[in-house]
Amino acid sequence: VLLGTTLDNLQEAEYAATHRGQTNWAGEHPLSDLDDVLHSLIHRIYEGSTHGEGGYTGYENAQYWCAGGPKKYEAPIAAAKAEWNNYEATTPTTGVLLLAKVYQELCQLALKNTPICVSRGIIAQAPTAEAAPTIDKTSTVTKPQQAKESDQHKRSRRGVSHSIIAGGGKFRDVFVPEGCWDPIAFCQLLLENDEEMKKNGGKEDTTTNTNHRRLLLQQELEYLTEKELELLAKHLLLSSSSF
């Protein structure tokens, strides 16, 4: 479904998958925003910190697809809301508002039930204070001022910027508006949790406050993943005709 395959074109699809760049499959079977989100979830849930496609981890590939993959949206699909109307760059279209409902509801659940995850940035928050400006010795204008002048449509926006893979060994920046679900930060938190688990041999010791808090974090991450899938089924899969 995600790759546009049917019972009639399985052999063609398999050939395209094993001969990348040698067919027109991707162009003839463009993915919708829903497809991109589901593609991202597959990398995140089933691969995680394991290296896979392109030599990147599942989390890194999840970050790539949650922002439109080759469409290169300037913000993750899950962060779509009214601010999209003010973006000058290419923006998501197909089903994006319906997807926004899923992640707005997920934000509400997170705020109510997962305080540790929220404190770790899964809902984007604007920086509490701007970094001290640095001076470019070749100019009388500070670098922050230069950035604002060269990118004025971002001046009024508040949120968090992340660097994600862009394909071909390159990286690019994406922006998550304040108050939106941040799938990039969620992947990073999952990775950090995986690394902590590996240090402990995959076992949780609840005899200390630190380990107890780590166990609570693990439970919150599992809760949010479960609720994300439930909400997608509720709002999207049952409304597939919208896509």
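**Local features of the predicted model**

In the hairpin of β1 and β2, Gly168 adopts a positive phi near 65°. Two residues stand between the strands of this hairpin. The model is a predicted one: local features require pLDDT of at least 70, side-chain atom pairs count only at pLDDT 80 or more, and totals for chains, interfaces and linings use all residues. Residues are numbered from 1 along each chain as its sequence is written, and side-chain values rest on heavy atoms, with hydrogens and water left out.

Strand β1 covers residues 159–167 and strand β2 covers residues 170–177. Strands are DSSP runs of E with at least two residues; helices are runs of H or I with at least four; both are numbered from the N terminus. β1 and β2 pair in the antiparallel sense over eight bridges. Pairing requires that DSSP finds at least two bridges between two strands. Ile164 has Arg172 in β2 as its bridge partner.

Salt bridges were assigned where a side-chain nitrogen of Lys or Arg lies within 4 Å of a carboxyl oxygen of Asp or Glu. The structure holds nine of them. Glu196 takes part in a salt bridge with Lys199, at 3.6 Å from N to O. Both residues belong to helix α8 (residues 183–199). They are three residues apart, about one turn of the helix. Relative accessible area classes residues as buried (under 20%), exposed (over 50%) or partly exposed (in between), with a 1.4 Å probe and protein chains only. Lys199 is exposed at 65%, whereas Glu196 is partly exposed at 27%.

Glu196 also forms a salt bridge with Arg214, whose closest N and O atoms are 3.4 Å apart. This pair links distant parts of the chain, 18 residues apart. Arg214 lies in helix α9 (residues 209–235), Glu196 in helix α8. Arg214 is buried, with a relative accessible area of 15%.

Helix α9 contains a further pair, Glu230 and Lys227. Their salt bridge has its closest N and O atoms 3.3 Å apart. The two residues are separated by about one helical turn, because they are three residues apart in helix α9. Glu230 is partly exposed at 39%. Lys227 is likewise partly exposed, at 22%. Elsewhere, salt bridges with shared partners join Asp33, Asp36 and Lys71 into one network.

A nonpolar patch on the surface is formed by Ile42, Ile45, Tyr46 and Leu229. Together these residues have about 420 Å² of accessible area. Patch members have over 30% relative accessible area and no salt bridge; like charges are joined within 9 Å, and nonpolar side chains (Val, Leu, Ile, Met, Phe, Trp, Tyr) within 5 Å. Areas come from the Shrake-Rupley method with a 1.4 Å probe, and for residues only the protein chains shown count as cover. Helix α3 (residues 33–47) gives the most to the patch, with three residues. Ile42 is located in helix α3. Its relative accessible area of 39% makes Ile42 partly exposed.

In the pair of Tyr64 and Trp65, the ring centres are 5.2 Å apart and the planes stand at 85°, so the geometry is edge-to-face. Rings of Phe, Tyr and Trp (its six-membered ring) pair if their centres lie within 6.5 Å; planes under 30 degrees apart are stacked, over 60 edge-to-face, and the rest tilted. Tyr64 is buried at 14% relative accessibility. Trp65 is buried at 10%. Tyr103, Trp181 and Phe186 form one aromatic cluster.

Trp25 lies in helix α2 (residues 25–28). It is buried, with a relative accessible area of 11%. Trp25 and Glu12 are 13 residues apart in sequence. Their C-alpha atoms are 8.6 Å apart in space.

A disulfide requires a pair of cysteine sulfur atoms within 2.5 Å. By this rule the count is zero. Cys180 is in no disulfide, and its nearest cysteine sulfur, that of Cys107, is 6.7 Å away. Cys180 is buried at 6% relative accessibility. For Cys187, the closest cysteine sulfur is in Cys66, 6.2 Å away and therefore too far for a bond. Cys187 is buried as well, at 3% relative accessibility.
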